[in-house]
Amino acid sequence: MTGISGARIGMVLGTEDVTPTVFWFAVSAGASVQLDDLVVVETLKPDGRPVRFYGLVDNVRKRHEGVTFESDVEDVVAGILPASVSYAARVLVTRVDPENFIPPQPGDTVRHARGDDLKMALSADKMGQASFPGGLLADGQPLPLNFRFVNGESGGHINISGISGVATKTSYALFLLHSIFRSGVMDRVAQESGGRMAGSSGGRAIIFNVKGEDLLFLDKPNSKVVKKEAEASANKGFAGDRYALLGLPMTPFRDTQFLAPPRAGAAGSAIVPHTDQRSEGVTPFVFTLREFCANRLLQYVFSDAGSSLNLGFVIGNIEEKLFRLAGTQTGGGTGLKVDDWQVDLSETPPEDLEFGDLGGVNLRTFEQLISYIEFKLLEDRDGEGDPKWVLKQAPGTLRAFTRRLRGVQKHLTPLIRGDLSEAEANRYRPNLLSGAQLSVVDIHNLSGPAQMFVVGVLLRQVFDHKEKYGRQDTVFVVLDELNKYAPRDDGSPIKDILLEIAERGRSLGIILIGAQQTASEVERRIVSNAAIRVVGRLDLAEAERPEYRFLPQSFRARAGILQPGTMLVSQPDVPNPVLVNYPFPAWATRGDEVDDLAGRNVVEVGDDWLR
Amino acid sequence: MRIRLDPWPVDTQDGQLTLKPFAGLVFNAETEVWAAIAPREIPSRLRRVLVVDGKPRMEARLLLDDEAGGLSLAGFGAFVAGAVDLCPHGTRQAELLEVAAQRVLAYSSESAATVRAERLSPRNPHTGRLEYTPHVFSGSGLEGAKSKVQRLMLDAEAELSHRLASALPLDDSDPNALPDTLVLQDGPVRIGGAGRAVLGYVKTLHTDYLGADRIGLLGTLKPGERTPVLRFRVGDQGGEQGSEGREQRFTWYVRLCDPPFYQHPLAGVMRLEMHAPEDSDFVPRGVLDIANLSGRLLCKLASQPHKDARAPQNLIPTAALEQAMGRAMGSAELVTRRIRSHLARELGHVALEGAVA
């Protein structure tokens with residue numbers, strides 16, 4: 001049994017119902033109680049044994065006591081009418097120890113939960129070595145999160161909801177990553193597992209950057225963090241900066257790599273990353289034409305394959321054909337050699353075809369691949385197509401298929417190249433699982449179909465890799481705008497892979513840290529599989545949807561007024577969500593936040609901008 | 001025909017439709033000019049105003065019978081006297097002072113039965129004390145117990161007023177000795193309380209101290225204005241020696257609000273009363289001071305008709321005090337239930353034994 005350490009702040013009220021899950025207490029004179037304060041109450045059973053109730057304050061109110069009329073307030077303030085102010089707070093019980101669900105007794109003393117009581121209130125005693133800081137409570141104490149509910153051992157996945165811009169979902173996801181990697185929790189849990197896990201050295205994170213170039217500076221210190229943290233701790237009356245309170249270093253991410261798609265250009269042009277603010281340290285990534293076929297990536301080109309059964313059939317069939325074609329390739333190179341393309345029969349033969357030996361054609365661009373497929377489906381044999389490719393599908397379906405391919409051709413041409421040497425292909429192949437600990441994949445410059453393609457392909461690669469090698473090294477995937485990639489109502493190949501990650505990923509060590517503006521528009525199974533759910537500022541209408549039922553009513557109302565930097569965090573160990581704030585990022589989140597003086601001077605930065 | 005409305009609600013004990021003339025003599029004390037006097041500011045010297053009131057309650061009537069078969073009356077009652085402490089300048093919050101109930105077992109002096117308080121007083125260790133102090137009253141009237149409780153309450157009120165108020169210098173030579181604490185006490189001031197800054201206020205006018213030639217002024221008073229101070233003797237029956245009453249009093253009238261046209265012309269008029277020294281015929285400076293500030297002070301404390309049926313005379317602090325006193329005495333229903341169960345437990349077996357025998 002732990003000792004009660006906090007100061008007495010009030011007494012359980014007898015004029016409101018006292019229940020084992022919710023009760024009110026009268027706040028003592030001189031005490032100050034605010035929302036989210038954690039409190040403890042001890043009551044004695046008739047046999048003399050104590051029962052403790054741990055909970056958090058979810059409502060506070062004051063009113064004049066003993067006056068009848070609302071206008072009496074003027075007389076009270078004028079000093080004519082004697083009245084006292086009644087100050088009461090409502091507590092949502094988070095834990096009863098031992099589990100005797102009796103109500104507390106009116107008149108029982110309420111105290112602030114501190115020290116051991118705080119750990120009990122937040123179930124930190126159950127977490128043991130697996131707890132890592134998930135932010136600061138209102139009084140400056142860190143909120144422990146259970147890593148076993150993050151890494152897939154007991155549960156997995158984190159889901160963050162909130163309005164764009166105000167809810168700062170990405171910032172909180174990054175803070176959680178920072179906390180996971182730098183608090184040492186991965187190493188502690190790995191140690192406890194007896195060597196079956198690799199700890200933070202084996203942990204990886206993949207972040208898809210979907211908005212601006214916000215995440216391309218995570219390895220740079222933030223020039224504002226020291227000032228912002230000093231302000232924040234002065235405002236809140238904390239003893240030190242919030243990083244120190246959380247036990248985390250105030251440093252940017254280390255061991256990072258930045259991947260960006262190449263700029264569009266003519267075939268054979270140089271490959272340079274398509275970024276505007278940062279160019280050094282960013283690696284462009286491309287897929288080779290041969291890999292495209294060999295790895296069955298065609299399905300990720302189509303975001304609406306489910307709209308027609310026949311179309312899905314054609315895609316599957318062509319994918320299979322391309323896979324076989326890739327299997328017959330001999331020799332090096334990244335293109336595809338085909339020997340059955342009678343170019344002179346094509347309606348619109350590509351201009352820069354390269355003819356190989358024996359009249360074969362070397363496909364070196366995505367456009368040529370499409371032309372070849374068009375030929376096989378629609379033009380071969382006087383317009384009937386190659387029967388093995390057509391498989392008796394109606395010409396209308398085939399045309400729909402090629403029309404869609406032509407539609408995305410412009411977007412995918414820079415990404416899928418067949419004109420690279422093998423050395424180049426190796427250099428520019430996205431390397432998410434053996435490169436740096438933190439990989440940022442910048443896809444914000446890509447068009448919608450290309451974003452879908454990149455996310456789908458990379459997630460599939462990660463998933464396939466983990467299926468082969470098992471879960472010992474945890475991979476965190478941070479993906480914003482889940483409602484776009486896994487919409488509730490429509491299907492897409494990316495939704496399938498995200499669903500697989502959500503449902504099976506936790507046993508493979510792939511953890512999805514997903515975020516979206518509105519959880520109600522995301523596939524339900526993805527949201528419901530997240531063990532830890534976080535809510536920032538919400539639209540009040542959105543907050544009333546069933547996806548947010550895990551928030552008590554008072555919290556749903558509060559979700560409408562949350563400020564940037566505060567989140568409601570719900571985890572399986574604690575039945576009620578807890579409000580936390582988290583520190584200002586120690587890493588730059590914009591080009592102009594980069595701390596110029598940390599290693600580089602202004603001229604160098606200027607050079608970067610001019611280049 | 002003109003119709004006027006009695007300002008008091010119908011369940012108030014006496015209405016205020018007619019006034020009974022005062023039998024004794026009333027003298028001009030302040031001035032010979034019978035005209036309204038405008039209110040003055042409350043001097044900053046006055047730091048505290050205490051509004052004192054009391055409340056009696058009968059909780060049970062008892063019939064005691066002794067072994068010889070004689071019957072007598074008794075009763076359980078409770079009373080409370082308390083005060084509201086406020087600053088007339090509004091510099092601090094008003095507070096309740098000494099609001100604590102006392103319980104009384106009032107029994108007739110003619111009772112032959114020996115009253116053993118501890119057998120009659122119900123106690124309950126779980127919910128606090130409910131212990132009745134025995135007090136004897138003379139006579140055997142049905143209302144004896146009730147008036148005993150009332151008497152005790154009035155005494156407690158008078159004691160509280162006397163204790164809380166500043167001393168009133170009846171000597172005019174020292175201006176610094178003027179009071180800084182004034183007590184407003186419900187009803188006329190009590191016999192024997194002279195020398196203190198206690199101001200009695202009479203909410204309901206029953207007696208006409210002014211006579212036909214003077215009473216017209218009351219109808220023309222503006223809110224806050226007062227009449228000049230008068231002097232009379234309490235209990236003066238007029239005429240012969242020996243019937244001239246016991247104590248000298250100062251009195252004046254103040255209007256608290258503009259009455260609605262349909263009400264009694266004296267609605268909103270309050271009579272105020274203070275002790276007067278026996279041997280002088282002038283108004284001491286302290287009394288004059290209080291008379292001057294009384295208009296402003298009482299207008300400030302006057303309540304609104306929609307909040308209090310006895311507005312404006314039932315002052316705002318008094319209404320709050322009455323509520324607090326009611327609470328201090330506890331729920332009447334609960335108390336009666338406990339008395340019943342106590343008597344059943346303590347005395348019930350006697351009846352049973354008698355029945356068996």
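Predicted model: local features only at pLDDT ≥ 70, side-chain atom pairs only at ≥ 80, totals over all residues.
In chain A, six strands close into a barrel in the order E1-E2-E5-E4-E3-E6, with antiparallel pairing; strands are DSSP runs of E of at least two residues, helices are runs of H or I of at least four, both numbered from the N terminus, and two strands pair if DSSP finds at least two bridges between them. Neighbouring strands of this sheet are turned by 40° against each other on average, direction ignored, where axes are lines fitted to C-alpha atoms, for helices over the stretch in contact, and angles run from 0 to 180 degrees between N-to-C directions.

Residues are numbered from 1 along each chain as its sequence is written, chains are lettered from A and ligands numbered from 1 in the order in which they are written, and side-chain values use heavy atoms, with hydrogens and water left out.

Chain B contains an open sheet of ten strands with mixed pairing, in the order E2-E10-E11-E12-E8-E7-E3-E4-E5-E6. Its edge strands, each pairing on one side only, are E2 (26-28) and E6 (133-137) of chain B. Strands E4 (residues 71-86) and E5 (residues 95-108) of chain B pair in the antiparallel sense over eleven bridges, and Gly77(B) has Val104(B) as its bridge partner in E5(B). Helix H2 (residues 144-164) of chain B packs on the sheet, touching E3 (48-65), E4, E5, E6, E7 (181-186) and E8 (198-202) of chain B, and its direction makes about 160° with that of E3(B); contact means heavy atoms within 4.5 Å. Helix H5 (residues 316-329) of chain B also packs on the sheet, where it touches E3, E4, E5 and E8 of chain B, with its direction at about 35° to that of E3(B).

In chain A, Ser570(A) is found in strand E22 (residues 566-571). Ser570(A) has a relative accessible area of 12% and is therefore buried (under 20%, with exposed over 50% and partly exposed in between; 1.4 Å probe, protein chains only). Not counting residues up to four places away in sequence, Ser570(A) touches Ala531(A), Ile532(A), Arg533(A), Phe550(A) and Pro577(A).
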